[in-house]
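Good morning, and thank you for coming. Today I would like to take you through one structure, element by element. Please keep the picture in view as I speak.

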Number of protein chains: 2
Amino acid sequence: MVDSAARSLEAVPLSYVPELEPGDDLALAIVQAAERASLGISGGDLLVVAQKAVSKVEGRLRSLADVEPGEPAAELAEKLGKDPRMVQLVLDESTEVIRAEQGILITRTRLGHVCANAGVDSSNVPRGLVSLLPEDPDLSARRLRAELRRRLGEAPAIVVSDSFGRPWRLGQTVVAIGCAGLQPLDDMRGRRDALGQELDATVAAVADEAAGAASLVRAKDGREAVVLVRGLERYIVDADGPGAVALLRDRAEDLFT
Amino acid sequence: MVDSAARSLEAVPLSYVPELEPGDDLALAIVQAAERASLGISGGDLLVVAQKAVSKVEGRLRSLADVEPGEPAAELAEKLGKDPRMVQLVLDESTEVIRAEQGILITRTRLGHVCANAGVDSSNVPRGLVSLLPEDPDLSARRLRAELRRRLGEAPAIVVSDSFGRPWRLGQTVVAIGCAGLQPLDDMRGRRDALGQELDATVAAVADEAAGAASLVRAKDGREAVVLVRGLERYIVDADGPGAVALLRDRAEDLFT
């Protein structure tokens, strides 16, 4: 029997990460915050970083005043009761509109994530600005990991997270939109249960569950952009791995919709 | 600034919960397992219990040999390459078939959850048997909580969990199909961010994220049915509350599908 203590999970917010701005050094901010909280970061740890923090340091902020909405955006905005400049930004970030009704705009982003407003939002950014999702959150995760490796001598795994709605169930859950060094999926097909039968549970979305776990301890007012998660060593790998794009279902294979 | 340590989350599997059978006393098994692991259970804790364990003690097992498939089940089984008796059980548990193609059968259960095979599955049960979801997992959670309160003098919150697939994203995540004493949703609408603006993040599906967090430490071979989660005190309430049905979106309001 496996020792329970060996597989306990712990998630702790890094309270001392400061408000971030374009060009800020996120790795440095994390290292300093961990030091201030007397939390050591090791290669077996996972850091879950809120998308907003990554978008800010990467300068993925737009001023609504600078956006010139086109005809399709204006029409859609009219129908939804939204700001046409906001809708223009959403369309710019999307390859497909999935739903546009009752004030809600759900699209598939250029990266392939399906979410409300293509992840464009105005909370936790200065008034008049909105934030876009990082251009390539897997790349953001890999870069942050490399920079932490350089500073710490060892590299924690990184997940870039965002909160998404989902069909059929109320509430949003926080999922992984980028990752490096964490196995995003745990494929259990072929493994057997305690009675020797194949498991019905097939593939666990580890990166999404880890992002959700981190979210449970993070203040949502933007003051806690990073959560340290311990106890996922068995999913943490030296190579950066496929990233969160591995979590995206091929449209052709998507039987739910 | 909030002290990080005060809001850390911890999840520990109860390794000593034995293999369960119909009629077994789940509360007693949990109390004994916690004692054996020297883990105290308090009123601020959450216990996430795998659906399979609840189904077993409630006798929600069926022998495939006893199932007489009707014509619709036989036709669907033929199309999907499935056992017609299994399909009959799935249809019995469902109000609506959402998708039936490529060997996959997704339905809406009588309770309103949308998942593969209405939660009917054969892993972690003796050969020839399949398990159905608990008839009313919120009631199961409330009963278990009451029984734990009787035995311990205080009542932890309870989540009954199962792993569900989801549209657009690969892998399953573990979600709450029953709950008692845990606020299933954290409604943040109207709250403000650090800059004084309203949060875009609206309603967090706390119970689903907690179920997913627990899943990250649980052995999937059925030997660890229960996970103790600490650090969610702010979502734990004395009243049992609305249960996991509060997580179900009204069909009319479901814009995603």
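This is a predicted model: local features need pLDDT of at least 70, side-chain atom pairs count only at pLDDT 80 or more; totals for chains, interfaces and linings use all residues.

Let us start with symmetry. How is chain A related to chain B? Chain A can be superposed on chain B by a turn of 180° with a shift of 0.0 Å along the axis, and the RMSD is then 0.0 Å. That is the relation of a two-fold axis. The two copies also use the same surface, since 100% of the contact residues of chain A recur in chain B.

Next, the sheet that contains strands of both chains. Strands of a sheet pair through backbone hydrogen bonds, in either a parallel or an antiparallel manner. Here we have an open sheet of ten strands with mixed pairing. Reading across, the order is β9(A)-β8(A)-β2(A)-β12(A)-β1(A)-β1(B)-β12(B)-β2(B)-β8(B)-β9(B). Which strands form the edges? They are β9 (173-180) of chain A and β9 (173-180) of chain B, each of which pairs on one side only. On average, and ignoring direction, neighbouring strands of this sheet are turned by 25° against each other.

Now look at the place where the chains join within that sheet. Strand β1 of chain A, residues 9-13, pairs with strand β1 of chain B, also residues 9-13, in the antiparallel sense over three bridges. In this pairing, A:L9 stands opposite B:A11.

Helix α6(A) touches β1, β2, β8, β9 and β12 of chain A, together with β1 and β9 of chain B, and its direction makes about 120° with that of β9(A). In chain B, helix α5 (residues 137-152) lies across β2, β8 and β9 of that chain, running at about 60° to β9(B).

Helix α6 also meets its counterpart. Two packed helices are described by the angle between their axes and the distance between the axes. For α6 of chain A and α6 of chain B, residues 206-215 in each, the angle is about 120° and the axes are 8 Å apart. That makes α6(A) oblique to α6(B). Their crossing is left-handed. Which residues meet here? A:E209, A:G212, A:A213 and A:S215 meet B:E209, B:G212, B:A213 and B:S215.

For contrast, let us turn to two helices within chain B. The axes of α3 (residues 71-80) and α4 (residues 84-92) of chain B come within 8 Å and cross at roughly 120°. That makes α3(B) oblique to α4(B). The crossing of α3(B) and α4(B) is right-handed. In α3(B), B:P72, B:A73, B:A74, B:L76 and B:A77 meet B:P84, B:V87, B:Q88 and B:L91 of α4(B). This contact has eight nonpolar residues, one polar residue and no charged residues.

Finally, a sheet in chain A. Three strands form an open antiparallel sheet in the order β4-β5-β6. Its edge strands are β4 (94-101) and β6 (114-116). The twist averages 25° from one strand to the next. Strand β5(A), residues 104-109, pairs with β6(A) over three bridges, and A:R108 has A:V114 as its bridge partner. Helix α3(A) packs on this sheet, touching β4 and β5 of chain A, at about 25° to the direction of β4(A). Helix α4(A) lies across β4 and β5 of chain A too, running at about 135° to β4(A).

Terms used
Residues are numbered from 1 along each chain as its sequence is written. Chains are lettered from A and ligands numbered from 1 in the order in which they are written. Side-chain values use heavy atoms; hydrogens and water are left out. Axes are lines fitted to C-alpha atoms, for helices over the stretch in contact, and angles run from 0 to 180 degrees between N-to-C directions. Helices (H or I, at least four residues) and strands (E, at least two) are DSSP runs, numbered from the N terminus. Angles under 35 degrees count as roughly parallel, over 145 as roughly antiparallel, 65 to 115 as roughly perpendicular and the rest as oblique. A crossing is left-handed if the near helix is turned anticlockwise from the far one by less than a right angle, and right-handed if clockwise. Contact means heavy atoms within 4.5 Å. Ala, Val, Leu, Ile, Met, Phe, Trp, Tyr, Cys and Pro count as nonpolar, Asp, Glu, Lys and Arg as charged, and the others, Gly among them, as polar. Copies are superposed by least squares on the C-alpha atoms of residues with pLDDT of at least 70 in both. Two strands pair if DSSP finds at least two bridges between them.
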